Amino acid sequence: MTSGADERAIRPVEEGVRRDFSSAMSYGDYLGLERLLSSQHPQSTPEQHDELLFIIQHQTSELWLKLVLHELRSARALLASDELAPALKRLARVKRIQEVLTDQWSVLATLTPSEYAEIRPFLATSSGFQSWQYRAVEFLLGNKNADMVRVFDHDATAAALLSELLVEPSLYDGFLAYLARRGYAVPQEVLDRDVSQPYRFNEDLVDTFAEVYASPSQHWGVYETCEELVDLEDNFQQWRFRHLQVVTRTIGHKKGTGGSSGVDFLRRALDLTFFPELYAVRTRV
């Protein structure tokens, strides 16, 4: 007699499950897993156990950033064609990706200072500061800086994309243009600004948002978008802060491998804001 536990231990493959992929696409084929899983190349000699963690942490972050860029550019395009609802769907997805990216720092935080010291020399001058996808996300959200493009002169593809995003409207620019088309009072100097420059606070725009927040039900789509953008920035700041914490506990106040001041550089980034009027309006509510 076979026990229930034994029966559960034996799970036959269903008859309909495909077994022969000699002429059909498999899961691994579709995802390109052979190439993906062979893209981790530790540089340490002798190889250090924890270097694989460091590499995979950053490679997966870059994959998520690729999707964030995909979604943000789509959201901006949808706003340009006055399709607010699907644009908000894109932003909702970005917010979930941001949560994953922030939680992911907890994995890297298992790397102790002693363990990181074993692999840090092999990073040479490579640094997360050189992540062009991260910089592209910042450009899309409005933190433009032409000097940053020069960091990527060695990579023609990255430099071309950043140069393109530098002179294109940010997501916030797209939202403000949408508001203007809908009859909201958006100052002309905001609409005509040089979009290659970082966005600057405009007091008159706070008045416009104050009207929205005074009567949410009358301006629901705009009100919802404002709050989605605030969520987006809030998540971004949480990611920045978690990054700062992990770097502090791992290397203290050492300089970054890419030449930055390290912790002090990351702390200054916490003062940056993408949507200043959406925070200023809260004083009025």
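**Figure 1. In this predicted model, helix H4 passes helix H7 in a left-handed crossing.** The two helices span residues 51-80 (H4) and residues 132-141 (H7). Their axes come within 9 Å and cross at roughly 25 degrees. Because angles under 35 degrees count as roughly parallel, H4 is described as roughly parallel to H7. Two packed helices are described by the angle between their axes and the distance between the axes.

Figure 2. An α-helix has 3.6 residues a turn, so residues three or four places apart point the same way.

**Figure 3. Helix H7 is mostly covered.** Of the 10 residues in H7, 9 are buried. These buried residues are Gln 133, Tyr 134, Arg 135, Ala 136, Val 137, Glu 138, Phe 139, Leu 140 and Leu 141. They pack against H4, helix H8 (146-149), helix H9 (156-166), helix H10 (171-181) and H13. Just after H7, Gly 142 takes a positive phi of about 115 degrees.

**Figure 4. The largest nonpolar core has 69 residues.** The residues with the most contacts inside this core are Leu 72, Tyr 172, Phe 175 and Phe 209. Helix H13 (residues 220-251) supplies the largest share of the core, 11 residues.

**Figure 5. Phe 209 touches residues from several parts of the sequence.** Leaving aside residues up to four places away in sequence, Phe 209 touches Tyr 172, Phe 175, Leu 176 and Leu 179, together with Cys 226, Glu 277, Leu 278 and Val 281. Two of these partners, Tyr 172 and Phe 175, are listed with Phe 209 among the residues with the most contacts inside the largest nonpolar core.

Figure 6. The C-alpha atoms fill a box of roughly 75 × 50 × 40 Å, taken along the principal axes. Buried residues make up 42% of the 285 residues. Among contacts with a separation of 6 or more, 71% are between residues 24 or more positions apart.

Terms used: Residues are numbered from 1 along each chain as its sequence is written. This is a predicted model: local features need pLDDT of at least 70, side-chain atom pairs count only at pLDDT 80 or more; totals for chains, interfaces and linings use all residues. Side-chain values use heavy atoms; hydrogens and water are left out. A nonpolar core is a set of buried Ala, Val, Leu, Ile, Met, Phe, Trp, Tyr and Cys residues joined through side-chain atoms within 4.5 Å. Buried means under 20% relative accessible area, exposed over 50%, partly exposed in between (1.4 Å probe, protein chains only). Helices (H or I, at least four residues) and strands (E, at least two) are DSSP runs, numbered from the N terminus. Contact means heavy atoms within 4.5 Å. Axes are lines fitted to C-alpha atoms, for helices over the stretch in contact, and angles run from 0 to 180 degrees between N-to-C directions. Angles under 35 degrees count as roughly parallel, over 145 as roughly antiparallel, 65 to 115 as roughly perpendicular and the rest as oblique. A crossing is left-handed if the near helix is turned anticlockwise from the far one by less than a right angle, and right-handed if clockwise.
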